[in-house]
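Dear colleague,

Please find below the structure that I am handing over to you. My findings follow directly after it.

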Amino acid sequence: MSLSLEDAKLTAEVITTALPYIQKYKDKLIVVKYGGNAMTDPVLESSFARDIVLLKTVGIHPVVVHGGGPQVDSLLSELGRESERIDGMRVTDKATMDVVEMVLGGQVNKSIVSLINKHGGKAIGMTGKDANLIRAKKLYMQKIDDEGRPQAVDLGFVGEVESVNKDVIDMLIASDFIPVIAPLGVDANGNTYNINADLVASRVAEFLGAERLLLLTNIKGVLDKQGNVLTHLSADDVDALIADGTISGGMIPKIAGALDAVKSGLRSATIVDGRVPHACLLEIFTEEGVGTQILRDK
């Protein structure tokens, strides 16, 4: 397909504007958590895949960690099973774990790999169980009861990340592959755990020493109580917003992942509006970005 003169001028202008950012992030690793509307809207799916391929093409190394909650919910519903959530975490018994593993490790993961490859990438799919990529342990959530006492809540086969096998990812990146990771982990006894994808992405970014962490979501970013987007937050700001209830429910795991990442050494983690076409490129290659950036120091 040939470009018109006007289109060619526009393309040249865009490339020129993005060049400093391309140079800044060349040979750097960026972890992207892929989820929300970007996984269910065909236009946004294509936009995401093209973004990931372009990043790899210009010498940046993307690592994709994906969710798949709606797809799991859909199959559970078809099977006549209900799924309870506590602060955004799915309570997962053995039967639910089997469904989660089938959907995330099979259907969703392979679909994303296929989409990236369709747009010219070399994606390779894996779960955290493959090559012991993600070593996990059982997660107990802490809740405060009506009398103000902390209580441990058993979520079933829900885990947290103990470690990430960096050598596996390094090998794939060195071979020009784009890793696509389903958020499952395994413990020393071979038990499989469902792990929140935002928290997996955060820990992967931490263990790999990533330059950036992008968490795609279905909202504009972190909102204040008036509904305004908070574009830049420090770790202290986030702690205060959680304490006063501004950040609550399903946003807590996402924010917790971003917060853990910056506290572990990443310069920043960003909650990105995944409903915006080419959200990843806009976040990386523009000054304004498309979400809320959480920084070690504001």
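Glycine 59 follows helix α2 and has a positive phi, near 95°. Please bear in mind throughout that the model is a predicted one. At the other end of the helix, a side-chain oxygen of aspartate 41 comes to within 2.8 Å of the backbone nitrogen of valine 43. Between these two ends, α2 comprises 16 residues, and the distance from its first C-alpha to its last is 22 Å, close to the 22 Å expected at 1.5 Å a residue. The buried residues of α2 are Leu44, Ser47, Phe48, Ala49, Asp51, Ile52, Val53, Leu55 and Lys56.

Phenylalanine 48 belongs to α2, which covers residues 42-57. Its relative accessible area is 4%, and phenylalanine 48 is therefore buried, the limit being under 20%. Beyond its neighbours within four places in sequence, phenylalanine 48 contacts Val32, Tyr34, Val64, Leu216 and Cys280. Alanine 38 is ten residues away from phenylalanine 48 in sequence, and their C-alpha atoms are 7.2 Å apart.

Eight strands form an open sheet with mixed pairing, in the order β5-β8-β2-β1-β11-β13-β14-β12. Strands β5 (123-127) and β12 (232-234) are at the edges; each has a single partner strand, so one side of each has no neighbour in the sheet. From one strand to the next, the twist averages 20°. Helix α2 packs on this sheet, where it touches β1 (29-34), β2 (61-66), β8 (178-182) and β11, and its direction makes about 145° with that of β2.

Within the sheet, strands β11 (residues 212-217) and β13 (residues 268-273) run parallel and are joined by five bridges. Leucine 216 has valine 272 of β13 opposite it; leucine 216 is also among the contacts of phenylalanine 48. A further helix, α7 (residues 235-243), lies across β12 and β14 (291-295) and runs at about 90° to β12.

Isoleucine 112 is located in helix α4, residues 94-118. Its relative accessibility is 5%, which is why isoleucine 112 counts as buried. With neighbours within four places in sequence left aside, isoleucine 112 is in contact with Tyr34, Met39, His66 and Val180. Isoleucine 112 and alanine 95 are separated by 17 residues in sequence and by 25 Å in space, C-alpha to C-alpha.

Finally, some remarks on the chain as a whole. The chain contains nine helices and 14 strands. Its radius of gyration is 19 Å, close to the 19 Å given by the globule rule for 298 residues, so the chain is as compact as a globular protein of that length. The C-alpha trace spans about 70 × 40 × 35 Å along its principal axes. Of the 298 residues, 48% are buried. Among contacts between residues at least 6 apart in sequence, 72% join residues that are at least 24 apart.

With kind regards

Key
Residues numbered from 1 in each chain as written. Predicted model: local features only at pLDDT ≥ 70, side-chain atom pairs only at ≥ 80, totals over all residues. Heavy atoms only, no water. Helix = DSSP H or I, 4+ residues; strand = E, 2+ residues; numbered from the N terminus. Buried < 20%, exposed > 50% of the residue type's maximum accessible area, 1.4 Å probe, protein only. Contact = heavy atoms within 4.5 Å. Pairing = 2+ DSSP bridges. Axes fitted to C-alpha atoms, helices over the stretch in contact; angles between N-to-C directions. Expected span 1.5 Å × (residues − 1). Polar contact = N/O pair within 3.5 Å; in protein donor to acceptor, adjacent residues only side chain to side chain. Rg over C-alpha atoms; globule rule 2.2 N^0.38 Å.
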